[in-house]
Amino acid sequence: MKILAIETSCDETAIALVEANGGLMAPKFKIFKSVVTSQIKIHRPFGGVVPNLAKREHLKNLPILLRRIENKEFRIEECDLIAVTVGPGLEPALWAGITFAQELAKRYKKPLLGVSHLEGHLYSFLLPRKRMKNEGYRVKDLFPAVALIVSGGHTILLKVENLAKWKKLGETRDDAVGEAFDKVARLLKLPYPGGPEIEKLSKKGNPTAVNFPRPMIYEKNYDFSFSGLKTSVLYYVRDNKKTKNEDVAASFQQAAVEVLTRKTMRAAKEFKVKSVLLSGGVATNQALRKNLERATRTEEIIFLAAERKYNTDNAVMIAAAGYMDFLRKKKYPLKANGNLGI
Ligand code: KG4
Ligand code: ZN
């Protein structure tokens, strides 16, 4: 089936056209077209995303992106389903996507499904990757699994039984890890969003220069906490003006990556999983990917993450989640829900 997907939960406006088939046992996706426009420049002067500005930009960008999706080979008439993110996220921003999707569905008489942004991230490991040709895993080879979702708003560890059933093992008690990257970047006078900037700066720094705390790393639960780590960086920078910013960045990144890796691997071993699934904006971080790759290899556990461009917000993952919801007969109300859980 052909799915047209729309994502506007935060500061990226995204539309994708994806063909899905294979059912719950072997879902496969072919990406026809994926367009994303980022509003980073507009929000940058404010140091974070301004919800009403985001909404205005989404409303302006959506028709432009739709025209870029439509071409000689594709007309909206041909799609079988429209999927739109209904939460979690910024409610004004979400409403922009929902109302746009509702108008399209009405005009072209297409079924419309509300989709969870977090399930979009979760399912992103199913998207085609360049390396996939020789991976050849069947879905049933992968479960049980643990999934780590790390983004600007969330840090969640799930135990995943199969493509339709999972349980939350833990989550952050305060800041999300992406938020910590953004806040530390601001301390170091780097622009928003901070994650990619910290990663870039860290490449020039020494990750063992400063021994920042690894919050909750040995606690026998699957929760996280990143606000104390951020505060340690704040005090350290205030009191140690001579330490190079690249060393602070690399040491902070190392602390965050170690906590995420250690806790994920503890869950992986406890539940004897076959795979670890990594997703969300912070999953583009190469230090985190490498660490998890190394740790899973030692334990002979499969490690899967989407290509980097499908970890930050995009509509391809929303199409994937839309297909899974369609198969699972799961329907989220077509209403913005800023706090929609997983
Ligand atoms: O999933 P996402 O695009 O949006 C949300 O759903 O939140 O994640 C955005 C978050 C931001 O906090 C951003 O700083 C972080 O992901 N991020 C990174 C990297 N790229 C994006 N964090 C660490 N390293 C990166 N390379
Ligand atoms: Zn996201």
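Biologist: Which residues come nearest to ligand 1?

Modeller: A residue is near a molecule if one of its heavy atoms lies within 4 Å of it. Here 19 residues are around ligand 1, and G152, D182, E199, N285 and D313 come nearest. This is a predicted model, in which local features need pLDDT of at least 70 and side-chain atom pairs pLDDT 80 or more, while totals for chains, interfaces and linings use all residues; side-chain values use heavy atoms, without hydrogens and water. Residues are numbered from 1 along each chain as its sequence is written, and chains are lettered from A and ligands numbered from 1 in the order in which they are written.

Biologist: Which protein donors does the zinc ion (ligand 2) have?

Modeller: Donors are N, O and S atoms within 2.8 Å of the metal (3.2 Å for Na, K and Ca); water is not among the atoms, so sites may look incomplete. For this zinc ion they are H117 (NE2), H121 (NE2) and D313 (OD), 2.0 to 2.1 Å away. Along the chain their spacing is H-x3-H-x191-D. H117 belongs to helix α4 (residues 117-123) and D313 to the loop between β10 (302-305) and α10 (316-328), so the pair ties together parts 196 residues apart in sequence.

Biologist: How do I read a sheet, and in what order do the strands around β1 stand?

Modeller: Strands of a sheet pair through backbone hydrogen bonds, either parallel or antiparallel. Helices (H or I, at least four residues) and strands (E, at least two) are DSSP runs, numbered from the N terminus, and two strands pair if DSSP finds at least two bridges between them. This open sheet of five strands has the order β3-β2-β1-β4-β5, with mixed pairing. β3 (28-38) and β5 (112-116) are at the edges with a single partner strand each, so one side of each has no neighbour in the sheet. β1 (residues 2-7) and β4 (residues 81-87) are parallel over four bridges, and L4 stands opposite I82 in β4.

Biologist: What is the order in the sheet with β6?

Modeller: That open sheet of five strands runs β8-β7-β6-β9-β10, again with mixed pairing. β7 and β8 run antiparallel, joined by six bridges, and form a hairpin with two residues between them. The bridge partner of N162 in β8 is K165.

Biologist: Which strands does helix α8 lie across?

Modeller: Contact means heavy atoms within 4.5 Å, and axes are lines fitted to C-alpha atoms, for helices over the stretch in contact, with angles from 0 to 180 degrees between N-to-C directions. Helix α8 (residues 245-270) lies across β6, β7 (155-162), β8 and β9, at about 155° to β6. On the other sheet, helix α2 (residues 51-69) lies across β1, β2 (12-21) and β3, at about 40° to β2.
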